[in-house]
Amino acid sequence: MLKMTGLTKVYRTEVVETHALRHFDLHVRDGEFVAVTGPSGSGKTTFLTIAGLLESATGGSYQLDGVEVGQLDDSARSRIRNQKIGFIFQAFNLIPDLNVFDNVDVPLRYRGMKAAERRQRVQQALARVGLGARERHYPAELSGGQQQRVAIARALAGSPRLLLADEPTGNLDSHMARSVMALLEDLHREGATIVMVTHDPQLAARAQRNVHVVDGQVVDTEEASGLAAPALPTPVDATLQP
Ligand code: ADP
Ligand code: MG
């Protein structure tokens, strides 16, 4: 699904040059659930933004579904991003001026989807994260956990094949973090490929594979025990209620 070979990323300002990725190699197969760990500043977010086609690499190769995507122009990249990729960020990235419904609706609008289909998808996604009754609320009126669930609903409304999550539980208490993880596991069982950056070893252990990044490079990749003995499916609506 995702194959990076010798990827480099250099951020340049007038005074400094930061080598955020140096010869980054990673192959994520279709349907895998991979957890990415590593110290702060090691390049994890840089990797995810390139994987999600939000930024391009400075050098190396990035193939998504067998297509070299590094060289595509902006419009081709946004088209692929819209069709295939969902994002969940630590800082939720909700639009404060839009209510919950409209926040989840935005990426579907970009796809040019008809209003009726969008409404159905938005409502299903919100029901799935236990926020069916909050459509008309604004982000500021929700708790952190609720905001993160809106961000997850926004990612899953588009049925992405590749879900990229950057410390999705970083701002949540441990109970809410486990609920979010259970939801990601459900999506994985339904076929999504998931790449999740996390600093929480317990969550990382629940992924199929752990990839450790240090200083812009993958230094270690190992099978985790996690999904060998999957947790019993949790009814998401029940666990996600505050
Ligand atoms: P992590 O997510 O693992 O904490 P990042 O990918 O955010 O690490 O950052 C990797 C390195 O690249 C850091 O040294 C960071 O300061 C630098 N960096 C990240 N984004 C930018 C940017 N937009 N401009 C300049 N430097 C950046
Ligand atoms: Mg980061």
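How are α3 and α4 oriented to each other? In this predicted model, helix α3 (residues 100-110) and helix α4 (residues 115-128) pack at an angle of about 125°. The two helices are therefore oblique to each other. Their axes lie 9 Å apart, and the crossing is right-handed.

Let's see who takes part in this contact. From α3 come V100, F101, V104, D105, L108 and R109, while α4 supplies R118, R119, R121, V122, Q123 and L126. Sorted by class, the contact has six nonpolar, one polar and five charged residues. Here is a handy idea for looking at such a list: an α-helix has 3.6 residues a turn, so residues three or four places apart point the same way.

| Helix | Residues |
|---|---|
| α3 | residues 100-110 |
| α4 | residues 115-128 |
| α5 | residues 144-157 |

Now follow the chain to α5. This helix has 14 residues and reaches 20 Å from its first C-alpha to its last, close to the 20 Å expected at 1.5 Å a residue. Helix α5 is mostly covered, with 13 of its 14 residues buried. Just after α5, S159 takes a positive phi of about 45°.

Finally, have a look at S56, in the loop between α1 (44-51) and β4 (59-64). Is S56 buried, partly exposed or exposed? With a relative accessible area of 33%, S56 is partly exposed. Leaving aside residues up to four places away in sequence, S56 touches K9, I50, G70 and R77. Of these, R77 is 21 residues from S56 along the chain, and their C-alpha atoms are separated by 9.7 Å.

How values were computed. Residues are numbered from 1 along each chain as its sequence is written. Chains are lettered from A and ligands numbered from 1 in the order in which they are written. This is a predicted model: local features need pLDDT of at least 70, side-chain atom pairs count only at pLDDT 80 or more; totals for chains, interfaces and linings use all residues. Side-chain values use heavy atoms; hydrogens and water are left out. Axes are lines fitted to C-alpha atoms, for helices over the stretch in contact, and angles run from 0 to 180 degrees between N-to-C directions. Helices (H or I, at least four residues) and strands (E, at least two) are DSSP runs, numbered from the N terminus. Angles under 35 degrees count as roughly parallel, over 145 as roughly antiparallel, 65 to 115 as roughly perpendicular and the rest as oblique. A crossing is left-handed if the near helix is turned anticlockwise from the far one by less than a right angle, and right-handed if clockwise. Contact means heavy atoms within 4.5 Å. Ala, Val, Leu, Ile, Met, Phe, Trp, Tyr, Cys and Pro count as nonpolar, Asp, Glu, Lys and Arg as charged, and the others, Gly among them, as polar. The expected span of a helix is 1.5 Å times one less than its number of residues. Buried means under 20% relative accessible area, exposed over 50%, partly exposed in between (1.4 Å probe, protein chains only).
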